[in-house]
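Colleague: Could you walk me through this one? I'm new to reading models, so please go slowly.

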Amino acid sequence: MEVITKSNYQEMSLLAAKYLLDTVKGKSDAVIGLPTGSTPLGMYSAVVEEYRKNTISFQNVKTFNLDEYIGLIKTDENSYYNFMNTNLFSHIDIKKENIHIPDGMTGDVKKECTNYENKVRQAGSMDILFLGIGKNGHIGFNEPGDFFEPYTHEVQLKQNTINANSRFFENIHDVPTTAITMGIKTILSAKKIVLLAEGESKAEAVAEMVNGKITPRLPASILQLHDNITVIIDKKAAGNL
Ligand code: PGA
């Protein structure tokens, strides 16, 4: 696991954006896995800034988001569909049909999970997958538990995740309690993984991920088994290393 500590969020974001942009510059039809959350916002705005210089095209790029809440319509300001559109997709020339996000409004969650997993597979391995990390060590919405869920599945969100995400909602009771997420094997199937973490609140989870034992109690610890992962963190997130 390569760990790169940057002095601030801006530098972290620029480096993460460079990984994304270099992947597309090297392979115009790259398959890219993408996260939501506060952490990747700087990376997305750096990517949009570069796109505006006319140096890159996303016309043939395919994207797969890690997860989506169950029960929010696409236009809900808190759906991950809306997040991605607002922060990245509406600003670049990616084709609508090349964007993949689990359908959180499906009438058949099991079927949607199977379909999503198949779509990831049919696209070939993700060339690069970006991840955040939860304070509880989750990746995507793979929450701490007794075992690793391998494939795309429905998840019951932990109370600490609901509490953390309630900052985006008017009322904590509005936060969905379930979601669809890529599984651990889906995540590990990416050729390259870049994980971003910022701030003191992530320091414990980062240290456990990098140096702790591999356990489903801290899902990110499984990333120790991936042979091409770069962790980009700021000094505060590196505080316990
Ligand atoms: P954050 O979320 O970037 O908003 O901290 C990360 C995560 O929960 O995976």
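Predicted model: local features only at pLDDT ≥ 70, side-chain atom pairs only at ≥ 80, totals over all residues.

Colleague: How many bridges join strand 3 to strand 5?

Modeller: Two bridges join them, and the strands run parallel; two strands pair if DSSP finds at least two bridges between them.

Colleague: And what order do the strands of the open sheet have?

Modeller: The open sheet has seven strands in the order 1-10-9-6-2-3-5, with parallel pairing. Strand 1 (2-6) and strand 5 (99-100) stand at the edges with a single partner strand each, so one side of each is left without a neighbour in the sheet.

Colleague: Changing topic, how many residues has the largest nonpolar core?

Modeller: That core has 32 residues, and among those with the most contacts inside it are Leu 20, Ile 32 and Phe 58. A nonpolar core is a set of buried Ala, Val, Leu, Ile, Met, Phe, Trp, Tyr and Cys residues joined through side-chain atoms within 4.5 Å, where buried means under 20% relative accessible area, exposed over 50%, and partly exposed in between, with a 1.4 Å probe and protein chains only.

Colleague: Which helix gives the most to this core?

Modeller: Helix 1 does, with seven residues.

Colleague: How do helix 2 and helix 3 pack?

Modeller: They pack at an angle of about 40 degrees, with their axes 10 Å apart; axes are lines fitted to C-alpha atoms, for helices over the stretch in contact, and angles run from 0 to 180 degrees between N-to-C directions. The contact, meaning heavy atoms within 4.5 Å, is made by Leu 41, Tyr 44 and Val 48 of helix 2 and Phe 83, Met 84 and Asn 87 of helix 3.

Colleague: One last thing, is Asn 54 buried or exposed?

Modeller: Asn 54 is exposed, with a relative accessible area of 69%, and its place is in the loop between helix 2 and strand 3 (62-65). Asn 54 also has a positive phi of about 65 degrees, although it is not a glycine.

Terms used
Residues numbered from 1 in each chain as written. Heavy atoms only, no water. Helix = DSSP H or I, 4+ residues; strand = E, 2+ residues; numbered from the N terminus.
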